[in-house]
Amino acid sequence: MKVIVEKGVHMLVVQDITLAWGKEERGAEYARARAGFPMAYPAETRVLSGEAAVQRFVLRQEGKAFIDCMQKVRSRWVWQCYPHLKDMNLANILITAKGDFSPLEVTFFYDEHRSGKPFRRGHNKEYQDAQSPLYRKDCLNETAFILEEGQYGRIVWNERKTDYDTGEWYYQLHILNLYHLRNQEIESDIFTAHIPDFEYRQMAELK
């Protein structure tokens, strides 16, 4: 099976994976199960369009098992395509093109309006930029990596959030696989056949 990208179009293909678990799965045996959680999944066959396409997976851990929360809609909702990079809405991630779509700068920043704990502080590359929404903010905002055409990058981060209904804590692991493409027919194992060229991690100790 192949995912086919329209010829003559640069594209960023993103696989957005989220794994959630509750306090019952905080023990060591369940953490060992998470250590074996897949970092990538096979792609789905479809003709893609625009500058970016996102494939989302949402799973929850129940004991040592990982349950696909989107399995019932998987066949009819696989890829979401965007005409422009700026149309994507990925939490804590900003992707900007340098020049004519290439290379792509991938930035990780702490979005206090969408993210859980812990608050991530660190180097803010736009601290002195009065035009930036992160101007003079004490938060992490840094370049994770730069993707040239044909390169593959991965971002891994975690967080603790509060359930709005119960008030209880729950936890999430986020994995984003990003492939910068042009004029290619993509094999379905694009994310699984080899390791990324770059990997950026923001793994905090979740209490």
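**Strands, core and rings**

Author: In this predicted model, strands β7 and β8 pair in the antiparallel sense over five bridges.

Reader: Which residue of β8 is the bridge partner of isoleucine 95?
Author: β7 and β8 form a hairpin with six residues between them. In the turn, glycine 99 has a positive phi of about 80°. Within the pairing, the partner of isoleucine 95 is valine 106.

Reader: How many of the six residues of β8 are buried?
Author: In a regular strand the side chains alternate between the two faces of the sheet. From β8, Leu104, Val106 and Phe108 point one way, and Glu105, Thr107 and Phe109 point the other way. Both sets are buried, so the count for β8 is six of six.

Reader: Which residues have the most contacts inside the largest nonpolar core?
Author: In soluble globular proteins, nonpolar side chains tend to be buried together. Here the largest nonpolar core has 23 residues. Strands that each supply at least two of its residues include β2, β4, β7 and β8. Those with the most contacts inside the core are Leu12, Met88, Ile95, Ile155 and Leu178.

Reader: What does isoleucine 95 touch, not counting residues up to four places away in sequence?
Author: Isoleucine 95 is among the residues with the most contacts inside the largest core. Leaving out residues up to four places away in sequence, isoleucine 95 touches Leu12, Leu85, Met88, Leu90, Leu104, Glu105, Val106 and Leu178.

Reader: How many residues are in the other core that lies apart from this one?
Author: The other core includes Met11, Leu48, Leu181 and Ile186. Its size is 14 residues.

Reader: Are the rings of tyrosine 41 and phenylalanine 57 buried or exposed?
Author: The structure holds nine aromatic pairs, and one of them joins tyrosine 41 and phenylalanine 57, stacked at 4.7 Å centre to centre with 15° between the planes. Tyrosine 41 lies in the loop between α1 and β3 and phenylalanine 57 in strand β4, 16 residues apart. Buried means under 20% relative accessible area. Tyrosine 41 is at 17% and phenylalanine 57 at 7%, so both residues count as buried.

Reader: Why is the pair of tyrosine 152 and tyrosine 179 called stacked, and what is the angle of the planes?
Author: Tyrosine 152 is in strand β10 and tyrosine 179 in strand β11, 27 residues apart. Their relative accessible areas are 0% for tyrosine 152 and 11% for tyrosine 179. The ring centres are 5.2 Å apart. Planes under 30 degrees apart count as stacked, and the pair qualifies because the angle here is 15°.

Reader: Which arginine lies over the face of tryptophan 169?
Author: Over the face of tryptophan 21 lies arginine 34, at 4.1 Å from the ring centre. For tryptophan 169, the distance from the ring centre is 3.7 Å, and the residue is arginine 160.

Reader: What share of the 207 residues of the protein chain counts as buried?
Author: The protein chain has one helix and 13 strands. Its accessible surface comes to about 11200 Å², of which 48% belongs to carbon and sulfur atoms. Of the 207 residues, the buried share is 44%.

Definitions and conventions:
Residues are numbered from 1 along each chain as its sequence is written. This is a predicted model: local features need pLDDT of at least 70, side-chain atom pairs count only at pLDDT 80 or more; totals for chains, interfaces and linings use all residues. Side-chain values use heavy atoms; hydrogens and water are left out. A nonpolar core is a set of buried Ala, Val, Leu, Ile, Met, Phe, Trp, Tyr and Cys residues joined through side-chain atoms within 4.5 Å. Buried means under 20% relative accessible area, exposed over 50%, partly exposed in between (1.4 Å probe, protein chains only). Helices (H or I, at least four residues) and strands (E, at least two) are DSSP runs, numbered from the N terminus. Contact means heavy atoms within 4.5 Å. Rings of Phe, Tyr and Trp (its six-membered ring) pair if their centres lie within 6.5 Å; planes under 30 degrees apart count as stacked, over 60 as edge-to-face and the rest as tilted. A charge sits over a ring if NZ of Lys or CZ of Arg is within 6 Å of the ring centre and within 35 degrees of the ring normal. Accessible areas come from the Shrake-Rupley method with a 1.4 Å probe; for residues, only the protein chains shown count as cover. Two strands pair if DSSP finds at least two bridges between them.
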